[in-house]
Amino acid sequence: ASSSSREPGAARDRLLGGLLSPDFDEPACRSRYEGSSRWKPSPFPVSAYLVRKLRQYEANHRRCGPGTSRYREAMAQLQSGRNGDRGECRYVVWLPVQGLGNRMLSLVSTFLYALLTGRVLLVHEPPEMEGLFCEPFPGTSWLLPASFPYTDVRFGSESKESYVSMLQSNVLRYDDDEHVGGGGNASALPAYVYLHLENMNLRLQNHTFCEEDHRALDGFNWMVLRSDSYFAVALFLVPTYRDELERMFPSKGSVFHHLGRYLLHPGNPAWGIVQRFFDGYLAGADERLGVQVRIVWHHPVPFDVMFDQILRCTREHRLLPELTSEPHAIVRPSNSTAKPKVKAVLVVSLKPEYYDKLHGMYYNNATASGELVTVYQPSHDQDQHTEARAHNERALAEIFLLSYCDEMVTTSWSTFGYVAHALAGLRPRLLAPLDLSKMRSDVACVRPASIEPCLHSPPSLVCRRTQDLDPVAHVPFLRHCEDVGFGLKLV
Ligand code: GDP
């Protein structure tokens, strides 16, 4: 094909069907356009409505973002200690908590919340996240200015600024029509509300996802939010948002896929890692298989058991070629000038031993089919170090490297794995959770119903209503997760 016939398609891929704005300076964030063209075309078309919403969001962020007179006015209101009248610009401040996978899930969820409520998303970037992600909105910044007063507050469910605490202390009250308000006078409300959306014993707090609560939250010009969860799923349970969500996402199971691709671009240092590793080790392969192994201290699956489960999974689903039993075989295709097919395996784990053993298998033995299997691991930091920027850059790079694979084996419960397969737009082979008392799972791995991440901690729907509901019984596009039985995911 001539270059001119390739251009329209290439241009479309570069902007991911209109998802990305073309108005960026490319060298400042090389991953934005280079990364988008590495992914396979998305299985889910981007809706024109979502594109329109994103462009409107960007325009509003430019109007209200840091450095504008409107932002200064809003800050003055915040510092006055009162909510004041409904502001022209309204904000949601995201505070980071937990590892990178959790952060990416909650950041995308917060952005979706901002889209639905007309708020401007501002991100607190602690030193360990500096430059980790690029600015996602053209001509402005999403970084919370250092003058913002509340980033050092240790917010929790008990904080007096928390929405639920305000209900409990009658700063906010339900009236007879199931409305919540500060005595009907929004200007008398506190200067901001804190929304606590962290997983508490695998649930989100009562009074965080009911219609009446969202109406009350809407009364605040400033919201500060902390979450470790993919609470985007829970927004689908609030009837007020349902129409907008359906228009933005005709395929429900593509929310993280599109919004993550839109919002989360590795900064140049992390992107350099992706590029060097991809071009050096993975680009030349005919196929790429990602294997992500996450072992956590509270579920210590022994190495042999986990390795065996990975092999069972790859064997049962023909993800890796069998080894030949001939000890010294050098198998070549019958036409010896043809190049053998190369399958690259990207092992991503904090621990080195999975790579070591898999690499050894294909280094010491030929495959029965004659395919070549190359096995690589980019890093093995041993332990999680969320406080260290270089460690986080490697983690982010590895999430993106995984997302450029054709197939993926991932670990149950891991938000790191969720982000990688949702960005890629593929359903992984999810290693089934292991019963540690039996040291074996009945099936090695399962195929999730959708590419979406799982919300581990479903919201309670107990608000004015006294009984909890299982949302899956009432909402057609929700399922319980394959790895987390009580979790919720969009399909
Ligand atoms: P989760 O704990 O699996 O849900 O994922 P998180 O990303 O929230 O937290 C785990 C953190 O540990 C990551 O963010 C990394 O800092 C680190 N980590 C875990 N697995 C890997 C890995 O395979 N590679 C790298 N580089 N870091 C990892």
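A: Strand 10 (residues 407-411) and strand 11 (residues 429-431) pair in the parallel sense, over three bridges. This is a predicted model, where local features need pLDDT of at least 70 and side-chain atom pairs count only at pLDDT 80 or more, while totals for chains, interfaces and linings use all residues. Residues are numbered from 1 along each chain as its sequence is written. Strands (E, at least two residues) and helices (H or I, at least four) are DSSP runs, numbered from the N terminus. Two strands pair if DSSP finds at least two bridges between them.

Within this pair, Thr-411 has Leu-431 of strand 11 as its bridge partner. Touching, or contact, requires C-beta atoms, placed from the backbone, within 7 Å of each other.

Trp-413 lies in the loop between strand 10 and helix 15. Trp-413 is not a glycine, yet its phi is positive, near 70 degrees. Trp-413 counts as buried because it has 20 C-beta neighbours inside 10 Å. The scale is this: 20 or more other C-beta atoms within 10 Å of a residue's own means buried, 12 or fewer means exposed, and anything in between is partly exposed; C-beta atoms are placed from the backbone.

Strand 8 holds Ser-349. Ser-349 is buried because 23 C-beta neighbours sit inside 10 Å. Leaving aside residues up to four places away in sequence, Ser-349 touches Gln-292, Val-293, Tyr-354, Gln-377 and His-380. Pro-145 is 204 residues from Ser-349 along the chain, and their C-alpha atoms are separated by 35 Å.

Gln-382 is exposed, with 10 other C-beta atoms within 10 Å.

Next, the ligand. A shell of 21 residues surrounds it; the closest are Gly-99, Leu-100, Gly-101, Ser-414 and Thr-415. A residue belongs to the shell if its C-beta atom, placed from the backbone, lies within 6 Å of the molecule. Helix 5, strand 8 (342-349), helix 14 (389-403) and helix 15 are the elements that give two or more residues to the shell. Helix 14 supplies the largest share, five residues.

Strand 1 (residues 91-95) and strand 2 run parallel, joined by four bridges. Trp-94 stands opposite Val-123 of strand 2. Strand 1, helix 5 (residues 100-117) and strand 2 form a right-handed β-α-β unit. Right-handed here means that, with the strands pointing away from the viewer, the path from the first strand over the helix to the second runs clockwise. Helix 5 lies across strand 1, strand 2 and strand 6 (222-227), at about 175 degrees to strand 1.

In strand 2 (residues 120-123), Val-120 and Leu-122 point one way, Leu-121 and Val-123 the other way, and all are buried.

This second sheet is open too: four strands, order 2-1-6-5, parallel pairing. Its edges are strand 2 and strand 5 (193-197), each pairing on one side only. From one strand to the next, the twist averages 25 degrees.

Last, the whole chain. The protein has 16 helices and 14 strands. The C-alpha trace spans about 85 × 60 × 40 Å along its principal axes. Buried residues make up 42% of the 491. Of the contacts between residues at least 6 apart in sequence, 76% join residues at least 24 apart.

Methods: Contact = placed C-beta atoms within 7 Å. Axes fitted to C-alpha atoms, helices over the stretch in contact; angles between N-to-C directions.
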